[in-house]
Amino acid sequence: MTKSVSAQTVTRRTAIAGGFAGALGAPIPFGRFLPTGMTPIALAQKEVTGVLADKPGLKLLSDRPLNAETPPHLLDDEITPSARMFVRNNGLAPIVDEAARDAWRLTIDGEVETPLSVSLEDLKNNFETHSFRLQIECGGNGRRFMTPPARGNQWSFGAISCASWTGVRLRDVLQAAGLKQNAVYTGHEGADLHLSGDREKLPLSRGVPIAKALEPHTLVAFAVNDGDIPLQNGYPLRLVAPGWPGSCSQKWLTRIWVRDRVHDGAKMGGQSYRTPIYPVAPGVDVPDSDMKIIESMPVKSLITAPQTGARISLGHRLEVRGHAWAGDRAVAAMDVSTDFGATWTPADLTPPANRFAWQRWHADIAFDEPGYYEIWARATDDAGVMQPATQPGWNPRGYLNNLQHRIAVFVRT
Ligand SMILES: Nc1nc2c(c(=O)[nH]1)N[C@H]1C(S)=C(S)[C@@H](COP(=O)(O)O)O[C@H]1N2
Ligand SMILES: [Mo]
(Lines give C-alpha, C1' and ligand atoms only; values in the text may rest on other atoms or scores of the structure.)
(Ligands and ions follow the chains in the order given, each with its own letter.)
Protein backbone atom coordinates (compact mmCIF):
# COMPACT_ATOMS: atom_id res chain seq x y z
CA MET A 1 0.00 0.00 0.00
CA THR A 2 1.43 3.36 -0.89
CA LYS A 3 1.05 6.15 1.56
CA SER A 4 0.19 9.41 -0.13
CA VAL A 5 1.51 12.60 1.40
CA SER A 6 -1.40 14.97 1.96
CA ALA A 7 -1.25 18.66 1.17
CA GLN A 8 -1.51 19.24 4.88
CA THR A 9 1.59 17.16 5.62
CA VAL A 10 3.55 19.04 2.98
CA THR A 11 2.41 22.41 4.37
CA ARG A 12 3.44 21.33 7.79
CA ARG A 13 6.91 20.15 6.73
CA THR A 14 7.53 23.32 4.75
CA ALA A 15 6.49 25.49 7.65
CA ILE A 16 8.41 23.42 10.19
CA ALA A 17 11.63 23.55 8.20
CA GLY A 18 11.63 27.16 9.27
CA GLY A 19 10.62 26.43 12.85
CA PHE A 20 14.04 26.80 14.43
CA ALA A 21 14.83 29.71 12.16
CA GLY A 22 11.82 31.60 13.53
CA ALA A 23 13.07 31.12 17.05
CA LEU A 24 16.59 32.12 16.02
CA GLY A 25 15.41 35.14 14.08
CA ALA A 26 17.58 34.02 11.14
CA PRO A 27 17.13 31.61 8.26
CA ILE A 28 19.13 28.35 8.34
CA PRO A 29 20.52 27.83 4.80
CA PHE A 30 21.34 24.14 5.44
CA GLY A 31 18.28 23.54 7.63
CA ARG A 32 17.18 20.56 5.54
CA PHE A 33 20.26 18.64 6.70
CA LEU A 34 19.67 19.25 10.42
CA PRO A 35 18.97 15.80 11.91
CA THR A 36 15.48 15.32 13.33
CA GLY A 37 15.65 15.68 17.08
CA MET A 38 18.75 17.90 17.08
CA THR A 39 18.31 21.43 18.40
CA PRO A 40 20.50 24.25 17.06
CA ILE A 41 23.13 24.98 19.71
CA ALA A 42 22.15 28.65 19.87
CA LEU A 43 18.71 27.63 21.06
CA ALA A 44 20.07 25.01 23.44
CA GLN A 45 22.19 27.76 25.00
CA LYS A 46 19.20 30.08 25.30
CA GLU A 47 20.94 32.73 23.26
CA VAL A 48 17.78 33.89 21.54
CA THR A 49 17.42 37.62 21.60
CA GLY A 50 15.54 40.20 19.70
CA VAL A 51 12.29 38.30 19.12
CA LEU A 52 10.45 40.77 21.35
CA ALA A 53 12.04 43.85 19.80
CA ASP A 54 8.69 44.84 18.28
CA LYS A 55 6.91 44.58 21.63
CA PRO A 56 8.57 47.11 23.96
CA GLY A 57 7.42 47.09 27.58
CA LEU A 58 6.26 43.48 27.69
CA LYS A 59 7.54 41.42 30.61
CA LEU A 60 9.39 38.26 29.60
CA LEU A 61 8.32 35.21 31.62
CA SER A 62 10.31 32.64 29.67
CA ASP A 63 12.42 32.74 26.53
CA ARG A 64 12.10 29.14 25.39
CA PRO A 65 9.28 28.87 24.71
CA LEU A 66 8.68 32.58 24.42
CA ASN A 67 6.15 33.88 26.93
CA ALA A 68 5.63 37.55 27.71
CA GLU A 69 2.83 39.49 29.35
CA THR A 70 1.66 43.07 29.08
CA PRO A 71 1.63 45.25 32.23
CA PRO A 72 -1.92 46.53 32.91
CA HIS A 73 -1.05 50.21 32.32
CA LEU A 74 0.05 49.31 28.75
CA LEU A 75 -3.40 47.84 28.08
CA ASP A 76 -5.21 51.16 28.40
CA ASP A 77 -6.15 51.40 24.70
CA GLU A 78 -9.69 50.55 23.73
CA ILE A 79 -8.21 48.31 21.01
CA THR A 80 -5.00 46.58 22.04
CA PRO A 81 -2.20 47.65 19.65
CA SER A 82 -0.39 44.72 17.99
CA ALA A 83 2.82 45.71 19.79
CA ARG A 84 1.07 45.17 23.11
CA MET A 85 -0.55 41.81 22.53
CA PHE A 86 0.91 39.29 25.00
CA VAL A 87 2.74 36.21 23.68
CA ARG A 88 2.10 32.68 24.82
CA ASN A 89 3.99 29.98 22.94
CA ASN A 90 4.09 26.29 23.80
CA GLY A 91 6.77 25.60 21.19
CA LEU A 92 8.91 27.59 18.77
CA ALA A 93 7.38 29.99 16.25
CA PRO A 94 7.98 29.09 12.60
CA ILE A 95 9.80 31.49 10.29
CA VAL A 96 7.37 32.80 7.72
CA ASP A 97 9.06 34.62 4.87
CA GLU A 98 7.26 35.85 1.76
CA ALA A 99 7.59 32.48 0.02
CA ALA A 100 6.17 30.60 3.01
CA ARG A 101 3.35 33.09 3.23
CA ASP A 102 2.50 32.68 -0.46
CA ALA A 103 2.62 28.89 -0.14
CA TRP A 104 0.52 28.84 3.05
CA ARG A 105 -2.36 26.36 2.96
CA LEU A 106 -5.15 25.69 5.40
CA THR A 107 -6.57 22.18 5.22
CA ILE A 108 -10.08 21.37 6.38
CA ASP A 109 -10.57 17.63 6.60
CA GLY A 110 -11.91 14.85 8.78
CA GLU A 111 -15.70 14.62 9.13
CA VAL A 112 -16.50 16.79 6.11
CA GLU A 113 -18.12 16.03 2.75
CA THR A 114 -15.37 17.72 0.73
CA PRO A 115 -11.92 18.20 2.26
CA LEU A 116 -10.53 21.62 1.35
CA SER A 117 -7.07 23.05 1.02
CA VAL A 118 -7.16 26.84 0.73
CA SER A 119 -4.56 29.58 0.38
CA LEU A 120 -4.73 32.96 2.10
CA GLU A 121 -5.93 34.45 -1.20
CA ASP A 122 -8.69 31.81 -1.44
CA LEU A 123 -9.88 32.78 2.03
CA LYS A 124 -9.89 36.47 1.15
CA ASN A 125 -11.54 36.04 -2.25
CA ASN A 126 -14.04 33.26 -1.68
CA PHE A 127 -15.48 34.09 1.74
CA GLU A 128 -17.03 37.13 3.33
CA THR A 129 -14.59 39.14 5.44
CA HIS A 130 -15.51 40.29 8.97
CA SER A 131 -13.81 42.43 11.63
CA PHE A 132 -14.52 42.18 15.33
CA ARG A 133 -12.81 43.27 18.53
CA LEU A 134 -12.13 40.00 20.30
CA GLN A 135 -10.69 39.04 23.65
CA ILE A 136 -7.97 36.45 23.85
CA GLU A 137 -7.06 35.54 27.43
CA CYS A 138 -4.73 32.75 28.46
CA GLY A 139 -6.42 30.15 30.67
CA GLY A 140 -3.49 30.58 33.08
CA ASN A 141 -3.77 34.36 33.42
CA GLY A 142 -3.57 35.10 37.18
CA ARG A 143 -1.77 31.83 37.97
CA ARG A 144 0.87 33.75 39.91
CA PHE A 145 -1.67 34.52 42.64
CA MET A 146 -2.64 30.92 43.35
CA THR A 147 -1.72 29.54 46.79
CA PRO A 148 -0.19 27.00 46.93
CA PRO A 149 1.54 27.89 43.65
CA ALA A 150 0.67 26.03 40.47
CA ARG A 151 3.17 24.91 37.85
CA GLY A 152 3.35 26.84 34.59
CA ASN A 153 4.00 30.38 33.45
CA GLN A 154 3.50 32.73 36.36
CA TRP A 155 1.17 35.18 34.60
CA SER A 156 -0.03 38.04 36.75
CA PHE A 157 -2.72 40.13 35.03
CA GLY A 158 -1.35 40.70 31.55
CA ALA A 159 -2.16 37.59 29.49
CA ILE A 160 -5.16 39.31 27.91
CA SER A 161 -5.68 41.32 24.73
CA CYS A 162 -8.64 42.72 22.85
CA ALA A 163 -7.53 43.66 19.35
CA SER A 164 -9.49 44.20 16.16
CA TRP A 165 -9.28 40.94 14.20
CA THR A 166 -10.12 40.55 10.52
CA GLY A 167 -10.74 37.29 8.74
CA VAL A 168 -13.43 34.90 7.64
CA ARG A 169 -15.88 33.01 9.80
CA LEU A 170 -14.74 29.48 10.64
CA ARG A 171 -18.42 28.65 10.18
CA ASP A 172 -18.33 29.69 6.52
CA VAL A 173 -15.23 27.62 5.86
CA LEU A 174 -16.70 24.56 7.60
CA GLN A 175 -19.94 24.96 5.66
CA ALA A 176 -18.01 25.14 2.40
CA ALA A 177 -16.44 21.79 3.28
CA GLY A 178 -19.83 20.46 4.43
CA LEU A 179 -19.99 19.12 7.99
CA LYS A 180 -21.00 15.49 8.26
CA GLN A 181 -23.72 14.42 10.72
CA ASN A 182 -21.18 12.95 13.11
CA ALA A 183 -19.00 16.09 13.40
CA VAL A 184 -18.78 17.00 17.08
CA TYR A 185 -15.47 18.80 17.64
CA THR A 186 -12.65 20.57 15.83
CA GLY A 187 -8.95 19.74 16.13
CA HIS A 188 -6.53 22.59 15.33
CA GLU A 189 -2.98 22.32 14.05
CA GLY A 190 -0.33 24.99 13.56
CA ALA A 191 3.13 25.23 12.03
CA ASP A 192 5.11 25.80 15.22
CA LEU A 193 7.83 23.40 16.30
CA HIS A 194 7.84 21.18 19.37
CA LEU A 195 10.53 22.14 21.91
CA SER A 196 12.13 18.71 21.55
CA GLY A 197 12.85 19.51 17.92
CA ASP A 198 10.85 16.45 16.88
CA ARG A 199 9.15 17.63 13.71
CA GLU A 200 6.39 15.07 13.96
CA LYS A 201 5.20 16.30 17.36
CA LEU A 202 2.88 19.26 17.80
CA PRO A 203 3.50 21.64 20.72
CA LEU A 204 -0.25 22.26 21.02
CA SER A 205 -3.31 21.01 19.18
CA ARG A 206 -6.58 21.95 20.80
CA GLY A 207 -10.13 22.15 19.53
CA VAL A 208 -13.62 23.35 20.35
CA PRO A 209 -17.11 21.81 20.24
CA ILE A 210 -18.81 22.35 16.87
CA ALA A 211 -21.23 24.88 18.42
CA LYS A 212 -18.30 27.16 19.35
CA ALA A 213 -16.73 26.66 15.92
CA LEU A 214 -20.01 27.75 14.31
CA GLU A 215 -20.39 30.92 16.38
CA PRO A 216 -20.38 34.03 14.17
CA HIS A 217 -17.43 35.54 16.11
CA THR A 218 -15.09 32.57 15.73
CA LEU A 219 -12.70 33.76 13.03
CA VAL A 220 -9.96 32.41 10.84
CA ALA A 221 -8.00 35.67 10.97
CA PHE A 222 -5.42 36.95 8.49
CA ALA A 223 -5.09 40.49 9.85
CA VAL A 224 -5.17 42.36 13.13
CA ASN A 225 -5.62 46.08 13.71
CA ASP A 226 -5.70 46.53 9.90
CA GLY A 227 -2.19 45.12 9.51
CA ASP A 228 -0.30 41.85 9.48
CA ILE A 229 -0.55 39.66 12.55
CA PRO A 230 2.81 39.87 14.40
CA LEU A 231 4.83 36.67 13.86
CA GLN A 232 4.68 35.72 17.54
CA ASN A 233 0.90 36.13 17.52
CA GLY A 234 0.41 33.69 14.64
CA TYR A 235 1.32 35.30 11.29
CA PRO A 236 0.03 34.75 8.67
CA LEU A 237 -3.12 32.92 9.82
CA ARG A 238 -4.68 32.09 13.15
CA LEU A 239 -7.90 31.08 14.73
CA VAL A 240 -9.64 33.41 17.17
CA ALA A 241 -12.16 31.58 19.38
CA PRO A 242 -12.94 34.55 21.65
CA GLY A 243 -13.91 34.32 25.32
CA TRP A 244 -12.49 30.81 25.69
CA PRO A 245 -8.99 29.91 26.90
CA GLY A 246 -6.46 31.41 24.47
CA SER A 247 -5.22 27.90 23.72
CA CYS A 248 -8.36 27.36 21.59
CA SER A 249 -7.11 30.11 19.24
CA GLN A 250 -4.49 28.18 17.26
CA LYS A 251 -1.68 30.33 15.82
CA TRP A 252 0.13 29.66 12.49
CA LEU A 253 -2.98 27.73 11.54
CA THR A 254 -2.49 24.94 8.96
CA ARG A 255 -5.32 22.51 9.64
CA ILE A 256 -8.84 22.23 10.98
CA TRP A 257 -9.49 18.56 11.51
CA VAL A 258 -13.19 17.92 12.07
CA ARG A 259 -13.59 15.15 14.59
CA ASP A 260 -16.33 12.65 15.46
CA ARG A 261 -15.23 12.78 19.10
CA VAL A 262 -13.68 15.23 21.53
CA HIS A 263 -10.31 16.11 19.99
CA ASP A 264 -7.39 14.27 21.57
CA GLY A 265 -4.47 16.41 20.34
CA ALA A 266 -1.56 17.79 22.36
CA LYS A 267 -2.70 19.39 25.63
CA MET A 268 -6.33 18.33 25.30
CA GLY A 269 -6.11 15.59 27.90
CA GLY A 270 -4.77 14.95 31.41
CA GLN A 271 -4.71 18.14 33.47
CA SER A 272 -4.11 20.58 30.60
CA TYR A 273 -6.65 23.39 30.31
CA ARG A 274 -8.91 21.48 32.65
CA THR A 275 -10.36 22.12 36.11
CA PRO A 276 -11.83 19.72 38.68
CA ILE A 277 -15.52 18.86 38.31
CA TYR A 278 -16.03 19.58 42.05
CA PRO A 279 -14.39 22.17 44.35
CA VAL A 280 -11.10 20.90 45.78
CA ALA A 281 -8.96 21.93 48.75
CA PRO A 282 -5.87 23.93 47.74
CA GLY A 283 -2.91 21.69 46.97
CA VAL A 284 -4.64 18.33 46.56
CA ASP A 285 -4.04 15.95 43.66
CA VAL A 286 -7.06 15.48 41.43
CA PRO A 287 -7.26 12.37 39.20
CA ASP A 288 -7.48 13.06 35.45
CA SER A 289 -10.89 11.38 35.37
CA ASP A 290 -12.26 14.15 37.61
CA MET A 291 -11.09 17.01 35.37
CA LYS A 292 -13.19 18.73 32.70
CA ILE A 293 -12.22 20.92 29.76
CA ILE A 294 -12.45 24.68 30.39
CA GLU A 295 -14.90 26.46 28.09
CA SER A 296 -15.85 30.11 28.77
CA MET A 297 -13.38 32.27 30.71
CA PRO A 298 -14.80 33.89 33.88
CA VAL A 299 -15.72 37.54 34.57
CA LYS A 300 -12.67 39.74 35.09
CA SER A 301 -11.47 43.34 34.95
CA LEU A 302 -8.33 45.45 34.86
CA ILE A 303 -7.41 48.92 36.06
CA THR A 304 -5.39 50.32 33.14
CA ALA A 305 -5.05 53.93 34.37
CA PRO A 306 -3.49 55.21 36.45
CA GLN A 307 -0.46 52.93 36.77
CA THR A 308 -0.10 51.44 40.23
CA GLY A 309 1.88 53.75 42.56
CA ALA A 310 0.20 56.92 41.22
CA ARG A 311 0.64 60.13 43.24
CA ILE A 312 -2.00 62.85 43.37
CA SER A 313 -2.54 65.97 45.49
CA LEU A 314 -5.36 66.23 47.98
CA GLY A 315 -8.34 68.05 46.49
CA HIS A 316 -7.81 66.60 43.02
CA ARG A 317 -10.10 63.95 41.69
CA LEU A 318 -8.53 60.88 40.18
CA GLU A 319 -9.85 59.43 36.95
CA VAL A 320 -9.59 55.66 37.10
CA ARG A 321 -10.37 53.47 34.11
CA GLY A 322 -9.98 50.03 32.68
CA HIS A 323 -11.72 47.18 30.90
CA ALA A 324 -13.98 44.34 31.98
CA TRP A 325 -14.95 41.15 30.18
CA ALA A 326 -16.73 37.89 30.95
CA GLY A 327 -15.97 35.21 28.37
CA ASP A 328 -19.22 34.09 26.74
CA ARG A 329 -21.18 36.48 28.94
CA ALA A 330 -21.38 40.28 29.13
CA VAL A 331 -20.36 42.44 32.07
CA ALA A 332 -23.42 43.91 33.81
CA ALA A 333 -21.84 46.00 36.57
CA MET A 334 -18.50 47.44 37.59
CA ASP A 335 -17.64 48.74 41.08
CA VAL A 336 -14.60 50.31 42.69
CA SER A 337 -13.48 50.54 46.30
CA THR A 338 -10.89 52.79 48.01
CA ASP A 339 -11.25 51.22 51.47
CA PHE A 340 -9.97 47.69 50.88
CA GLY A 341 -13.34 46.41 49.82
CA ALA A 342 -15.39 47.64 52.82
CA THR A 343 -17.62 49.78 50.59
CA TRP A 344 -18.09 49.90 46.83
CA THR A 345 -19.16 52.60 44.37
CA PRO A 346 -20.55 51.87 40.91
CA ALA A 347 -18.32 52.87 37.99
CA ASP A 348 -19.56 53.88 34.52
CA LEU A 349 -19.58 50.88 32.21
CA THR A 350 -19.96 51.03 28.43
CA PRO A 351 -21.48 48.27 26.31
CA PRO A 352 -19.08 46.15 24.22
CA ALA A 353 -18.32 47.25 20.64
CA ASN A 354 -19.47 43.76 19.65
CA ARG A 355 -20.00 40.49 21.48
CA PHE A 356 -16.67 39.22 22.93
CA ALA A 357 -15.12 42.70 23.03
CA TRP A 358 -14.07 43.93 26.45
CA GLN A 359 -16.01 46.82 27.96
CA ARG A 360 -14.54 50.15 29.00
CA TRP A 361 -15.28 51.45 32.48
CA HIS A 362 -14.28 54.55 34.37
CA ALA A 363 -14.76 56.20 37.74
CA ASP A 364 -13.92 59.61 39.13
CA ILE A 365 -12.62 59.30 42.68
CA ALA A 366 -12.21 61.91 45.45
CA PHE A 367 -10.09 61.42 48.59
CA ASP A 368 -10.78 63.21 51.92
CA GLU A 369 -7.43 62.71 53.64
CA PRO A 370 -3.82 62.31 52.55
CA GLY A 371 -2.23 58.88 52.75
CA TYR A 372 -1.91 55.50 51.12
CA TYR A 373 -4.92 54.07 49.34
CA GLU A 374 -5.64 51.11 47.19
CA ILE A 375 -8.15 51.07 44.41
CA TRP A 376 -9.86 47.75 43.95
CA ALA A 377 -12.00 47.00 40.91
CA ARG A 378 -14.70 44.37 40.67
CA ALA A 379 -16.82 43.28 37.71
CA THR A 380 -20.11 41.35 37.83
CA ASP A 381 -21.40 39.44 34.82
CA ASP A 382 -24.95 39.28 33.52
CA ALA A 383 -25.58 36.04 35.41
CA GLY A 384 -24.71 37.77 38.70
CA VAL A 385 -21.26 36.21 39.10
CA MET A 386 -18.75 38.60 40.68
CA GLN A 387 -14.95 38.65 40.82
CA PRO A 388 -13.61 37.43 44.17
CA ALA A 389 -11.15 39.49 46.28
CA THR A 390 -8.79 36.53 46.60
CA GLN A 391 -8.26 33.43 44.49
CA PRO A 392 -11.42 31.64 43.42
CA GLY A 393 -11.48 27.83 43.42
CA TRP A 394 -7.88 26.59 43.53
CA ASN A 395 -7.13 23.99 40.85
CA PRO A 396 -4.01 21.93 40.13
CA ARG A 397 -2.78 23.96 37.13
CA GLY A 398 -3.85 27.35 38.42
CA TYR A 399 -6.36 28.26 35.69
CA LEU A 400 -9.17 30.81 35.74
CA ASN A 401 -7.83 33.04 38.53
CA ASN A 402 -10.11 36.06 38.18
CA LEU A 403 -9.30 37.75 41.47
CA GLN A 404 -9.78 41.53 41.64
CA HIS A 405 -7.07 43.82 40.34
CA ARG A 406 -5.73 46.39 42.86
CA ILE A 407 -3.49 49.39 42.45
CA ALA A 408 -1.72 51.68 44.95
CA VAL A 409 -2.41 55.44 45.11
CA PHE A 410 -0.62 58.01 47.29
CA VAL A 411 -2.60 61.16 48.13
CA ARG A 412 -0.40 64.04 49.30
CA THR A 413 -1.11 67.46 50.75
N1 LIG B 1 0.14 27.04 17.22
C2 LIG B 1 -0.02 27.49 18.48
N3 LIG B 1 -1.11 28.21 18.77
C4 LIG B 1 -1.29 28.71 20.00
C5 LIG B 1 -0.33 28.47 21.04
C6 LIG B 1 0.80 27.70 20.70
O7 LIG B 1 1.67 27.44 21.53
N8 LIG B 1 0.93 27.23 19.40
N9 LIG B 1 -0.58 28.94 22.31
C10 LIG B 1 -1.99 29.15 22.66
C11 LIG B 1 -2.20 29.78 23.93
S12 LIG B 1 -1.99 28.81 25.29
C13 LIG B 1 -2.64 31.09 24.03
S14 LIG B 1 -3.03 31.75 25.54
C15 LIG B 1 -2.79 31.94 22.84
C16 LIG B 1 -2.03 33.23 23.02
O17 LIG B 1 -2.13 34.02 21.89
P18 LIG B 1 -1.06 35.17 21.66
O19 LIG B 1 0.30 34.59 21.88
O20 LIG B 1 -1.27 35.68 20.29
O21 LIG B 1 -1.34 36.26 22.69
O22 LIG B 1 -2.33 31.30 21.67
C23 LIG B 1 -2.71 29.94 21.57
N24 LIG B 1 -2.39 29.43 20.25
MO1 LIG C 1 -2.79 30.00 27.17
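**Ligand, cavities and strands**

Analyst: A polar side-chain atom of Arg-238 lies 2.7 Å from an oxygen atom of ligand 1. That is a polar contact, meaning a pair of N or O atoms within 3.5 Å; within protein, one must be able to donate a hydrogen and the other to accept it, and residues adjacent in sequence count only if both atoms are side-chain atoms. This is a predicted model, where local features need pLDDT of at least 70 and side-chain atom pairs count only at pLDDT 80 or more, while totals for chains, interfaces and linings use all residues. Residues are numbered from 1 along each chain as its sequence is written, chains are lettered from A and ligands numbered from 1 in the order in which they are written, and side-chain values use heavy atoms, with hydrogens and water left out.

User: Which residues come nearest to ligand 1?

Analyst: Phe-86, Asn-90, Asp-192, Arg-238 and Lys-251 do, out of 17 residues around the ligand. A residue is near a molecule or strand if one of its heavy atoms lies within 4 Å of it.

User: What lines the largest cavity?

Analyst: It has 21 lining residues, with Arg-88, Arg-238, Gly-246, Ser-249 and Lys-251 nearest its centre. Strand E3 (87–88) and strand E7 (160–169) are the elements that give two or more residues to that lining. Strands (E, at least two residues) are DSSP runs, numbered from the N terminus. By class, the cavity lining has 9 nonpolar, 8 polar and 4 charged residues. Here Ala, Val, Leu, Ile, Met, Phe, Trp, Tyr, Cys and Pro count as nonpolar, Asp, Glu, Lys and Arg as charged, and the others, Gly among them, as polar.

User: And the largest pocket, how much space lies in it?

Analyst: About 390 Å³. Its lining has 23 residues, and Arg-88, Asn-90, Lys-267, Tyr-273 and Arg-397 lie nearest the centre. That lining splits into 9 nonpolar, 9 polar and 5 charged residues.

User: Switching to the backbone. Where are the cis peptide bonds?

Analyst: One joins Arg-64 and Pro-65, with omega about 0°, and Pro-65 lies in the loop between strand E1 (59–63) and strand E2 (66–69). Another runs from Tyr-235 to Pro-236, with omega near 10°. Pro-236 lies in the loop between strand E9 (219–224) and strand E10 (238–240). For context, most peptide bonds are trans, and most residues other than glycine have a negative phi.

User: What about phi at Asp-226?

Analyst: It is near 65°, a positive value in a residue other than glycine. Asp-226 sits in the loop between E9 and E10 and is exposed, with a relative accessible area of 77%. The scale is: buried under 20% relative accessible area, exposed over 50%, partly exposed in between (1.4 Å probe, protein chains only). Lys-267 also has a positive phi, about 70°, and is partly exposed at 33% relative accessibility.

User: Last topic: why is strand E21 called largely enclosed?

Analyst: Because 9 of the 11 residues of E21 (residues 371–381) are buried. E21 joins E22 through 7 bridges, running antiparallel, and Trp-376 stands opposite Arg-406 in E22. Two strands pair if DSSP finds at least two bridges between them. Strand E17 (residues 331–337) pairs with E21 too, in the antiparallel sense over 6 bridges, with Asp-335 opposite Arg-378.

User: In which sense do E15 and E22 pair?

Analyst: Parallel, over 4 bridges, and Ala-310 stands opposite Val-409 in E22.

Technical notes:
On a 1 Å grid over the protein atoms alone, a cavity is a set of points where a 1.4 Å probe fits but cannot get out, and a pocket is an open set with protein on both sides within 12 Å along at least five of seven lines; lining residues have an atom within 4 Å of a point. Grid points are joined across faces, edges and corners, and a volume is the space filled by probe spheres set on the points.
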